[in-house]
Amino acid sequence: VTGEPDTIVTRLRAAGCVFAEEEAGLLVSSAATGSQLQELVRRRVAGEPLEHLLGWVEFAGLRIGVRPGVFVPRRRSQLLAERAVQLLHDYPAGPAVELCCGSGAISVVLARQFSRLELHATDIEAAAAACARDNLAEHGGAGPASWRVYVGDLYAPLSPDLVGRVAVLIANAPYVPTKSIRLLPPEARLYEPSVTRDGGSDGLAVLRRILADASHWLAPGGHLLVECSPDQAAVLLAEAAQWRLAGQALADDQIGATAVQLWPLNG
Ligand SMILES: C[S@@+](CC[C@H](N)C(=O)[O-])C[C@H]1O[C@@H](n2cnc3c(N)ncnc32)[C@H](O)[C@@H]1O
């Protein structure tokens with residue numbers, strides 16, 4: 001489909017798309033017919049995220065499937081995936097657990113890297129869990145890695161068999177303070193459900209619940225990795241001892257990422 005590229009670029013630019021030419025090229029290549037292309041451009045101009053229209057986003061060099069209603073993985077979350085890979089080199093069979101998995105982008109990176117990995121992922125949204133299953137089936141299904149995706153609140157869907165055994169626990173949970181949600185770009189505010197973003201008054205409500213139960217699930221020598229803002233990292237580290245955790249902040253300025261790595265305090 002060639003459409004009328006100049007017109008498309010002009011319409012996208014007028015709608016505020018900063019990378020209008022690149023976006024036009026992607027929309028043209030993903031539409032099978034001229035009328036499909038017109039529909040995609042119409043939806044993009046109306047503000048739908050490009051990734052939802054394309055049906056994929058690039059994450060850690062992989063094409064991860066995304067769909068309306070599912071959080072679009074951000075490049076900054078590659079920090080969690082990269083650190084989890086480093087940690088799992090010592091425990092290639094896991095188990096690894098990803099809470100709040102969304103599309104499953106981080107889990108996919110792990111499943112591709114470790115063919116013997118036992119991997120469990122959970123999300124409270126059925127649409128996200130279905131998307132994660134599809135992505136793991138596509139990218140992580142070739143090897144013998146065993147993976148399961150569950151719908152439910154944080155740890156609730158996990159088997160008690162995992163208690164005290166989890167080598168690496170990962171969570172890119174909602175961490176935007178409620179009052180800051182209105183400052184997000186319209187794409188995120190209008191097209192990603194607020195449950196994917198809203199972390200309560202200081203943004204840490206879900207993360208605190210994750211930290212509170214982490215020691216119960218982690219193996220001796222296991223680690224928890226969570227994404228947050230730099231200010232929140234300082235708060236979580238100051239509070240960690242009350243959950244019998246110690247930790248350190250991680251950052252990658254190139255991709256604007258901050259995370260906290262935590263581990264159980266002895267005794
Ligand atoms: C910021 S998104 C991150 C998704 C994915 N981890 C990623 O990096 O692309 C947060 C995810 O947490 C899920 N979520 C929110 N509250 C949850 C809860 N209480 N239990 C499980 N999942 C939850 C949302 O549905 C959403 O998919």
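This is a predicted model: local features need pLDDT of at least 70, side-chain atom pairs count only at pLDDT 80 or more; totals for chains, interfaces and linings use all residues.
Let's start with strand 3, which spans residues 96-99.

Strand 3 pairs with strand 4 (residues 118-123) through three bridges, and the two run parallel. If you'd like a spot to look at, find Glu98, which stands opposite Ala121 in strand 4. To get from strand 3 to strand 4, the chain passes through helix 6 (residues 105-113), and this β-α-β crossover is right-handed.

Strand 3 also pairs with strand 6 (residues 166-171), again in parallel, with four bridges joining them. Here Ala96 sits opposite Val168, and Leu99 has Ala171 as its bridge partner.

**Strand 6 and onward**

How many of the six residues of strand 6 are buried? Six of the six are, so the strand is largely enclosed by the rest of the structure. Besides its pairing with strand 3, strand 6 pairs with strand 7 (residues 218-227) in the parallel sense, over five bridges. Ala171 turns up again here, with Val226 as its bridge partner in strand 7.

**A covered helix**

Now for helix 5, which runs over residues 78-88. It is mostly covered, with eight of its 11 residues buried. Among the buried ones are Leu79, Leu80, Leu87 and Leu88, along with Ala81, Ala84 and Val85. Gln78 is buried too.

**Around the ligand**

The ligand has 17 residues around it, and the closest are Cys100, Asp123, Asp153, Leu154 and Asn172. Some of the distances between its atoms and the protein are listed here.

| Residue | Protein atom | Ligand atom | Distance |
|---|---|---|---|
| Ile124 | polar backbone atom | nitrogen | 3.1 Å |
| Leu154 | backbone N or O | nitrogen | 2.9 Å |
| Asn172 | side-chain N or O | oxygen | 2.8 Å |

On its own, the ligand has 600 Å² of accessible area, and the protein covers 96% of that.

**Two glutamates in loops**

Glu48 is in the loop between helix 3 (34-45) and helix 4 (50-54). Is Glu48 buried or exposed? Its relative accessibility is 14%, so Glu48 counts as buried. The side chain of Glu48 makes a polar contact of 2.9 Å with the side chain of Arg43. Setting aside residues up to four places away in sequence, Glu48 touches Arg43, Leu53, Glu187 and Tyr191.

The other one, Glu192, is found in the loop between helix 8 (186-191) and helix 9 (205-217). With a relative accessible area of 5%, Glu192 is buried. Which side chain does Glu192 reach with a polar contact of 2.9 Å? That would be the side chain of Arg74. Apart from neighbours within four places in sequence, the residues in contact with Glu192 include Val70, Phe71 and Val72, plus Arg197. Glu187 is on the contact list of Glu192, and Glu48 touches Glu187 as well.

Terms used: Residues are numbered from 1 along each chain as its sequence is written. Side-chain values use heavy atoms; hydrogens and water are left out. Buried means under 20% relative accessible area, exposed over 50%, partly exposed in between (1.4 Å probe, protein chains only). Two strands pair if DSSP finds at least two bridges between them. A crossover is right-handed if, with the strands pointing away from the viewer, the path from the first strand over the helix to the second runs clockwise. A residue is near a molecule or strand if one of its heavy atoms lies within 4 Å of it. A polar contact is a pair of N or O atoms within 3.5 Å; within protein, one must be able to donate a hydrogen and the other to accept it, and residues adjacent in sequence count only if both atoms are side-chain atoms. Accessible areas come from the Shrake-Rupley method with a 1.4 Å probe; for residues, only the protein chains shown count as cover. Contact means heavy atoms within 4.5 Å.
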